[in-house]
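These are my notebook entries on one protein model.

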Amino acid sequence: MPGSSSPLHVWWARRSPAGGAAVMATGIVSVGLLLAGHAVLSRIALGVACAAWLGFAAAFAARLVFERERWAAEAETPGALTAVAGTAVLGTRFSLLGRQVLAEALLALAAVLWPVLLAPVVRHWGRRMPGTAFMGCVATQALAVSAAVLADATSTAWLAHTALVLFWLGLLFYALALARFDPRQVVEGAGDQWIAGGALAISALAGARLIAADSPHLYLWSDDDRDVLRTVTVALLVLDLACYAVLLFAEAARPRPGYDVRRWSTVFPMGMTAAATLSVGATVGIPWLRGPGVVLVWISVAAWLAAVVGAITSTARR
């Protein structure tokens with residue numbers, strides 16, 4: 001393989017673990033479309049996300065078996081955590097589809113991968129990092145969202161309590177990553193700077209799902225707990241929307257045209273912000289958020305289509 005120059009082998013050699021963000025982006029676009037009331041388009045996006053996940057899962061397993069050294073080197077990069085987040089996002093979508101057994105299997109797989117990949121990533125954190133520094137938060141909150149949605153669907157209290165622990169742990173990872181994030185990436189980043197906002201968005205979504213998981217027959221949170229969750233969730237959404245505006249302004253002020261695989265890390269936060277806006281609005285009783293949320297869904301769909309065209313064009317040129 002190393003000496004071959006066939007298109008397949010060239011693609012294999014250049015494949016980056018950060019490409020797993022394509023699964024995350026497509027999966028959350030599917031969730032956003034569902035929340036916006038477009039079930040058919042949502043299922044189409046889910047099919048694409050499943051195909052992408054199978055491709056990356058096969059590559060992940062093949063690297064582990066045949067290219068151990070490269071697998072170990074890639075496992076130390078934050079992009080490796082896209083395997084956890086992408087798997088958990090798919091689990092969330094299947095739970096919303098009513099496929100709870102499959103959702104449980106995906107959540108279990110993501111939970112197994114989480115400590116295996118998180119530990120080497122955290123050990124190799126440095127100073128002045130790009131937006132991928134926030135992947136620790138994203139992966140943790142993706143587990144929290146999936147667990148909370150499953151807890152709601154199956155009335156499982158321990159899953160909800162586990163999701164709550166992951167929620168607070170994810171916020172801790174965000175604070176640690178923020179201390180290492182290079183602010184210059186806002187105007188210089190190739191796309192992954194958006195994860196700074198995406199991590200806030202998925203945290204807000206996790207908070208909304210934790211609130212929604214409570215019910216009269218499954219008493220989870222006291223009034224004080226619920227008030228804290230509501231306040232923190234709304235604050236996270238406000239911060240996310242502010243971050244979204246800043247990043248969008250930075251893109252307009254300093255355009256970065258051309259396709260880069262890290263642009264999938266732009267699509268994911270856009271889709272996650274849309275899903276978080278719709279979920280928070282419905283959960284905490286702010287109905288006027290639905291209008292902006294639907295608009296944000298279509299913006300994320302447009303960004304997803306642009307990334308797809310860019311990926312196809314880039315592959316064709318190679």
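**Entry 1: overall fold**

I counted 13 helices and zero strands in the secondary structure of the protein; helices (H or I, at least four residues) and strands (E, at least two) are DSSP runs, numbered from the N terminus. The model is a predicted one, in which local features need pLDDT of at least 70 and side-chain atom pairs count only at pLDDT 80 or more, while totals for chains, interfaces and linings use all residues. Residues are numbered from 1 along each chain as its sequence is written, and side-chain values use heavy atoms, with hydrogens and water left out.

I next looked up the dimensions. Along the principal axes, the C-alpha atoms of the protein fill a box of roughly 65 × 45 × 40 Å.

For the surface, I noted an accessible area of about 14,000 Å², 68% of it belonging to carbon and sulfur atoms (Shrake-Rupley method, 1.4 Å probe; for residues, only the protein chains shown count as cover). Buried residues make up 53% of the 318 residues; buried means under 20% relative accessible area, exposed over 50%, and partly exposed in between (1.4 Å probe, protein chains only). Of the contacts (heavy atoms within 4.5 Å) between residues at least 6 apart in sequence, 83% join residues at least 24 apart.

**Entry 2: helix α12**

I compared the length of α12 (residues 264–284) with expectation. Its 21 residues should span 30 Å at 1.5 Å a residue, and the end C-alpha atoms are 30 Å apart, which agrees; the expected span is 1.5 Å times one less than the number of residues. Of the 21 residues in α12, 19 are buried, so the helix is mostly covered. G285 follows α12 and has a positive phi, near 80°.

**Entry 3: aromatic pairs**

How many aromatic pairs does the rule give? The count is four, where rings of Phe, Tyr and Trp (its six-membered ring) pair if their centres lie within 6.5 Å, and planes under 30 degrees apart count as stacked, over 60 as edge-to-face and the rest as tilted. The pair F134 and Y174 is tilted, because its planes stand at 40°, with the ring centres 4.8 Å apart. This pair links distant parts of the chain, 40 residues apart: F134 lies in the loop between α6 (100–123) and α7 (135–154), and Y174 in helix α8 (residues 157–180). F134 counts as buried at 0% relative accessibility, and Y174 does so at 13%.

A further pair, F167 and W168, is edge-to-face, with 5.0 Å from centre to centre and 65° between the planes. F167 is buried at 0% relative accessibility, whereas W168 at 38% is partly exposed. I also noted that ring pairs link F134, Y174 and F181 into a cluster.

**Entry 4: T140 and the cysteines**

T140 is in helix α7 and is buried, with a relative accessible area of 0%. Not counting residues up to four places away in sequence, T140 touches W114, L166, L169, G170 and F173.

I found zero disulfides (pairs of cysteine sulfur atoms within 2.5 Å). For C137, the nearest cysteine sulfur is that of C243, 12 Å away. C137 is buried at 1% relative accessibility, and C243 is buried at 18%.
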